[in-house]
Amino acid sequence: MNLETVIASIRNVPDFPKPGIIFKDITTAMKDAEVLKFISDSLYEEYKDKGITKVVGVESRGFVLGSILAYKLGAGFVLLRKPGKLPADTYKVDYDLEYGSDSLEIHKDSIAENDVVLLHDDLLATGGSANAALELLKKFSHNPVYVSFLIELTFLDGKKRLGAAKEIHSLIQF
Ligand code: PRP
Ligand code: MG
């Protein structure tokens with residue numbers, strides 16, 4: 001197993017969810033046990049010595065690898081959810097998506113001031129979601145946050161919106 005095989009396992013779906021967009025479908029990677037293991041181990045290697053205490057995953061595709069990473073790192077897992085899903089007191093941030101707009105929420109009691117936080121999402125496109133996630137995390141701590149993606153679409157330059165991040169890492173770049 002290597003990165004080329006992982007890349008080949010990601011399905012390109014043209015014109016989804018609207019004309020002109022080539023959708024990077026990770027379901028074809030996630031369903032392959034060897035690919036899932038390789039990706040999980042690679043991300044773990046990147047963060048195993050950073051003292052991470054909380055992994056924050058972005059609904060919904062960020063939940064898959066985010067929770068695996070939390071388990072492997074011995075950290076807790078925090079859910080950043082789409083609006084109206086979290087039952088207790090939340091912070092909320094609105095953001096623009098590659099296609100449309102949305103909001104993210106986080107429970108106010110989910111992160112402690114001394115937590116070392118790793119934010120994970122499957123994909124960095126325009127950076128709207130990740131930037132909103134960082135805005136939410138700023139409400140808890142003055143410490144910059146590690147940010148991890150499985151895939152980065154470099155031609156959209158989403159990284160430039162993530163100035164608040166400590167370190168940004170993506171396993172695969174397109
Ligand atoms: C997709 C993807 C990232 C985000 C990237 O999620 O999983 O979270 O868009 O785009 P951006 O960098 O332009 O913000 P989506 O909101 O489609 O929802 P899903 O994860 O629930 O499928
Ligand atoms: Mg998503």
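Modeller: A pocket, on a 1 Å grid over the protein atoms alone, is an open set of points where a 1.4 Å probe fits, with protein on both sides within 12 Å along at least five of seven lines; lining residues have an atom within 4 Å of a point. This is a predicted model: local features need pLDDT of at least 70, side-chain atom pairs pLDDT 80 or more, while totals for chains, interfaces and linings use all residues. Residues count from 1 along each chain as written, chains run from A and ligands from 1 in written order, and side-chain values use heavy atoms, leaving out hydrogens and water.

Colleague: OK, how much space lies in the second largest pocket?

Modeller: Its 16 lining residues include Ser-141, His-142 and Pro-144, which are among those nearest the centre. H5 gives the largest share of that lining, three residues. Counting the space filled by probe spheres on points joined across faces, edges and corners, the pocket holds about 220 Å³.

Colleague: And which element gives the most to the lining of the largest pocket?

Modeller: That pocket has a volume of about 370 Å³, and Arg-61, Leu-97, Asp-121, Asp-122 and Ser-129 are the closest of its 21 lining residues to the centre. Two or more lining residues come from each of strand E5 (90–97), strand E7 (117–124) and helix H5 (128–138); helices are DSSP runs of H or I, at least four residues, and strands of E, at least two. With four residues, the top contributor is E7.
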